[in-house]
Amino acid sequence: MKVAVVGYPNVGKSSLVNRLTGTREAVVHERPGITRDRKELPCEWNGRRFTLIDTGGMDALDEDPMGVSIREQARAAMAEAAVTVFVVDGRAGIRPGDEELADLLRRYDKPVILVANKIDQAGDIPSAAEFYALGLGDPMPVSAAQGLGTGDLLDAVTERLPDDDEEPEEDVIRLALIGRPNVGKSTLLNRFLGEERVIVSDVAGTTRDAIDMPLEVDGRKLIVVDTAGMRRQAKVQESVEYFTTLRSQRAVERADVALVVCDAQDGVTAQDLRIAELAMKEGCATALVLNKWDVNPLQESDLDHERARAARKLRLRPKVLTASAETGRHVARILTEAIALGDRMKGRIPTSELNRFLSDTTQAKQPPAKQGHRLKLIYMAQIGESPPRFAIQVNSRNRVTRDYAYFVENRLRARYGLDGVPVIIDFNERAQRRSERR
């Protein structure tokens with residue numbers, strides 16, 4: 001069940017969403033127009049669960065293409081929501097933009113709750129009475145900054161929500177789209193969804209929030225997260241960009257799979273590799289996607305070079321895929337690969353099969369020896385998943401060299417299709433028998 005939060009720019013919608021959800025997920029800044037796409041966040045109150053949709057400020061007089069796109073996104077949120085929360089600035093009083101939006105909301109056949117925000121102390125509550133003139137019922141005085149009246153607001157929201165019989169979703173793969181600014185992440189998400197769900201612009205930095213969207217592919221449930229572009233830390237100059245980058249990093253922390261979207265014209269850049277490293281360190285299965293393939297496709301030899309470079313620079317040896325979000329070329333294949341990576345993250349390999357692998361590995365390359373004593377790989381089993389974790393019993397951990405550990409890891413990846421998947425291998429020393437210690 002969804003609840004849309006709408007209003008004129010800079011009335012405190014994102015601050016209110018953060019207060020109601022108990023998070024800091026929505027980007028908040030004193031500058032108007034920070035929120036652009038509609039961002040969905042889970043909320044719970046008195047046992048009722050619903051989703052709050054934070055939207056950009058609706059200014060009917062803004063003729064800029066970005067302003068038009070923001071209004072379209074807010075209207076889409078209102079159309080799919082069961083309840084709309086209309087936020088006005090309780091300090092500024094009624095403005096022309098409020099009247100226009102109120103006129104639009106009066107035509108809706110769904111419940112609307114009028115909220116006068118920025119009522120930061122009890123003495124300011126009478127000032128909310130001015131908003132009766134909007135014709136949307138009793139205005140609720142609220143302070144997103146202080147928390148005043150937010151409990152009453154949540155009570156009002158849950159009272160107006162219809163009965164919800166949906167079961168919680170299980171076995172969902174969280175897929176994050178990450179990369180540098182303006183490489184086509186939002187276009188790719190819209191192509192996945194088959195609709196203009198997030199705003200796309202040639203202006204770098206259009207996306208500012210991490211936008212979660214549910215998606216079903218051949219019966220498999222995914223949550224796809226579009227993120228703001230990630231620049232090098234030295235180039236992040238303003239506070240808005242700092243916080244949007246921070247939210248992109250948090251989106252990666254919550255993801256099972258990360259697709260690092262690159263610009264095919266640039267190839268895989270050093271910053272793309274750094275972003276992939278970030279995803280891998282957070283335990284994400286990772287693949288690189290050379291987008292905009294329709295604009296400047298590389299020659300096969302150049303593509304092989306990019307793949308070899310990624311395999312050489314990145315320990316997880318992720319796949320390098322090609323796609324065109326604009327035309328849809330290879331987009332379905334990318335989703336198939338993302339689901340496969342998610343399955344490998346959560347999958348298990350039988351112990352008997354792992355021990356056959358161990359035998360084949362030692363035959364392919366003899367373990368190292370130190371001071372006349374050779375390393376023995378005795379037994380192997382999988383002890384965890386997401387990411388997959390393996391334990392190998394050895395006769396002496398001191399004899400395990402870094403090169404041989406990498407050799408075992410790379411053989412494991414090649415045998416079980418684990419390229420791009422974080423793999424943890426523990427080499428555990430077998431406890432010596434008493435007769436061996438004598």
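Reply: Begin with β1 and strand β3 (residues 48–54), which pair in the parallel sense over four bridges; two strands pair if DSSP finds at least two bridges between them. Helices (H or I, at least four residues) and strands (E, at least two) are DSSP runs, numbered from the N terminus. This is a predicted model, in which local features need pLDDT of at least 70 and side-chain atom pairs count only at pLDDT 80 or more, while totals for chains, interfaces and linings use all residues. Residues are numbered from 1 along each chain as its sequence is written, and side-chain values use heavy atoms, with hydrogens and water left out.

Me: Which residues of β3 and β4 face Val5?

Reply: In general, strands of a sheet pair through backbone hydrogen bonds, either parallel or antiparallel. In this case, the bridge partner of Val5 in β3 is Asp54, and in β4 Val85 stands opposite Val5. Ala4, in turn, stands opposite Thr84 in β4. Strand β1 (residues 2–7) and strand β4 (residues 83–89) are joined by five bridges and run in the parallel sense.

Me: In what order do the six strands of this open sheet lie?

Reply: The order is β2-β3-β1-β4-β5-β6, and the pairing is mixed. β2 (39–45) and β6 (140–141) stand at the edges, and because each has a single partner strand, one side of each is left without a neighbour in the sheet. Helix α3 (residues 96–105) packs on the sheet, where it touches β1, β4 and β5 (112–117); touching, or contact, means heavy atoms within 4.5 Å. The direction of α3 makes about 165° with that of β4, where axes are lines fitted to C-alpha atoms, for helices over the stretch in contact, and angles run from 0 to 180 degrees between N-to-C directions.

Me: How many residues of β1 and of α5 are buried?

Reply: Buried means under 20% relative accessible area, exposed over 50%, and partly exposed in between, with a 1.4 Å probe and protein chains only. Five of the six residues of β1 are buried, and in helix α5 (residues 185–193) eight of nine are. Those buried in α5 include Lys185, Ser186, Leu188 and Phe192, and what covers them includes β7 (173–179), β8 (211–217), β9 (220–226), β10 (257–263) and α9 (331–346). Just after α5 comes Gly194, which takes a positive phi of about 75°. For the chain of 438 residues, 52% count as buried.

Me: Does a loop residue such as Thr269 count as buried or exposed?

Reply: Thr269 lies in the loop between β10 and α7 (270–281), and because its relative accessibility is 19%, Thr269 counts as buried. Leaving aside residues up to four places away in sequence, Thr269 touches Arg180 and Arg309.

Me: Which strands form the edges of the three-stranded sheet?

Reply: That open sheet has the order β15-β16-β17 with mixed pairing, and its edge strands, β15 and β17, each pair on one side only. On average, neighbouring strands of this sheet are turned by 25° against each other, direction ignored. Strand β15 (residues 377–384) and strand β16 (residues 389–394) pair in the antiparallel sense over six bridges, with Met380 opposite Ile392 and Gly384 bridged to Arg389. The hairpin has four residues between the strands, and Ser386 there takes a positive phi near 55°. β16 and strand β17 (residues 424–429) run parallel and are joined by six bridges, with Phe390 opposite Ile425.

Me: Where do α10 and α11 lie, and how do their axes cross?

Reply: α10 lies across β15 and β16, at about 140° to β15, whereas α11 lies across β15, β16 and β17, at about 130° to β17. The axes of helix α10 (residues 351–364) and helix α11 (residues 402–416) come within 11 Å and cross at roughly 125°. Angles under 35 degrees count as roughly parallel, over 145 as roughly antiparallel, 65 to 115 as roughly perpendicular and the rest as oblique, and α10 and α11 are therefore oblique to each other.
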